[in-house]
Amino acid sequence: SKIDVAAAQANQDQSANDIALSVATAYLTVLFNEDQLENANSRTSLTQTQLEQTNRLIRAGTRPESDRLDIEAQLAQDEQNQVGRQNDLEISLLNLKQLLQLQPDYNLRIERPAMDFPEDNTVETFKLKSIYEKALTAQPSIKAGELNMKSAELGIKIAKSNKMPSLTAFAQLNSNFSSRAPDTNTGTRGYKTEPVVGFGDATQVQIGPNVVDVRFQELLTPPEFFTQRYFDQIGENFGQQIGLSLSIPIYNNSQTDIAMERAELNMKSTELNNNIIKQRLKQDIQRAIADAKAAKKALDASQKSVDALKLAYENTEKRFKLGAVNTFQFTTAKNNWDQAKVSLIVSKYDYLFKLKVVDFYQGNKITLDK
């Protein structure tokens, strides 16, 4: 039972770890959506500035009226995207509140830590064997499986013990008291008798050589005895008992054999389940390492894309002000850069989360602070 309690505690710890990982995921999602909303606000503000510049150019006669329509259409799309990002943020906040078991109207304010987005090649040092060995000692689910195995082994011993003879020793002390127990030693009180006339005044009976008169008496009132005292009854009724009982199982409808087979089957099932848990853990770690490496490559590619598209946008913006490119070309360059920045945000949080998953399997505390 102690082992079962320890296994249940380990399972509880595993559930707590899983909840912590879910909360961390939801928290990162909120931060991601905040960045998305900030980026959408910046895009809307930038488009509004471009519309004002275009209007000035149109008034100066250097741009056609149709350029205003293109910018206004882009501004409408940016505002629509801004609303969508705001909705995403609200939904992610609601999901985080639900995980924390907070009321939907609770004023939850998110603190943004100084997050560390690693830029080195830390992921290249991840090795499956070393991380898996740490996980075997850090993950409560593995500990719970080992405890369940010990419990199953003891279950077999307990089932086998039912085939052994059992010797029971017992002893007992007892007494009793009754409020109606008569005290026959003290005598009776308050009863009368009188002769009963039978066949004549007396009945003669031959007893040996003598002839005697026999008269019968009738009990007019029943005798009344005094009640025996409490402690006298306790002493007189005091009893002792001691003995041994030997039980030798012989057949017992094969219940003991069936119990042993069930206990052995339970141990094999537990062992198989533990192997499945360990195999799944190894697969999850291997996938987490691969995901982290892929996320690092995606982050590097996104950063290069942002840098390149930023230069392209700045060049297009200069040419647009000089009238060398039209509004469509300028808007396309801006959208490409904006989309690259969004992809970079996604890549950063994806990479950070993948690193935290690997830390989680190693038993490290989930934290975003540097």
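How far apart are the end C-alpha atoms of helix α4, and what span should its 22 residues give? Hi everyone, let's start there, keeping in mind that this is a predicted model. Helix α4 covers residues 140-161, and at 1.5 Å a residue it should span 32 Å. The end C-alpha atoms are 31 Å apart, which agrees with that expectation.

Now, which residues of α4 are buried? The list runs Pro 140, Ser 141, Ile 142, Ala 144, Gly 145, Leu 147, Met 149, Ala 152, Ile 156 and Ala 159. And what covers them? The cover includes α1, residues 2-60, together with α3, residues 128-138, and α6, residues 255-321.

Is Thr 44 buried or exposed? Its relative accessibility is 11%, and buried means under 20%, so Thr 44 counts as buried. Leaving out residues up to four places away in sequence, Thr 44 touches Leu 75, Asp 78, Glu 79 and Gln 82. With Asp 78 there is a further detail: the side chain of Thr 44 reaches the backbone oxygen of Asp 78 at 3.4 Å.

For contrast, let's go to a loop. Ser 179 sits between β1, residues 166-174, and β2, residues 182-189. Ser 179 has a relative accessible area of 54%, and the cut-off for exposed is over 50%, so Ser 179 is exposed. Thanks, everyone!

Notes
Residues numbered from 1 in each chain as written. Predicted model: local features only at pLDDT ≥ 70, side-chain atom pairs only at ≥ 80, totals over all residues. Heavy atoms only, no water. Helix = DSSP H or I, 4+ residues; strand = E, 2+ residues; numbered from the N terminus. Expected span 1.5 Å × (residues − 1). Buried < 20%, exposed > 50% of the residue type's maximum accessible area, 1.4 Å probe, protein only. Contact = heavy atoms within 4.5 Å. Polar contact = N/O pair within 3.5 Å; in protein donor to acceptor, adjacent residues only side chain to side chain.
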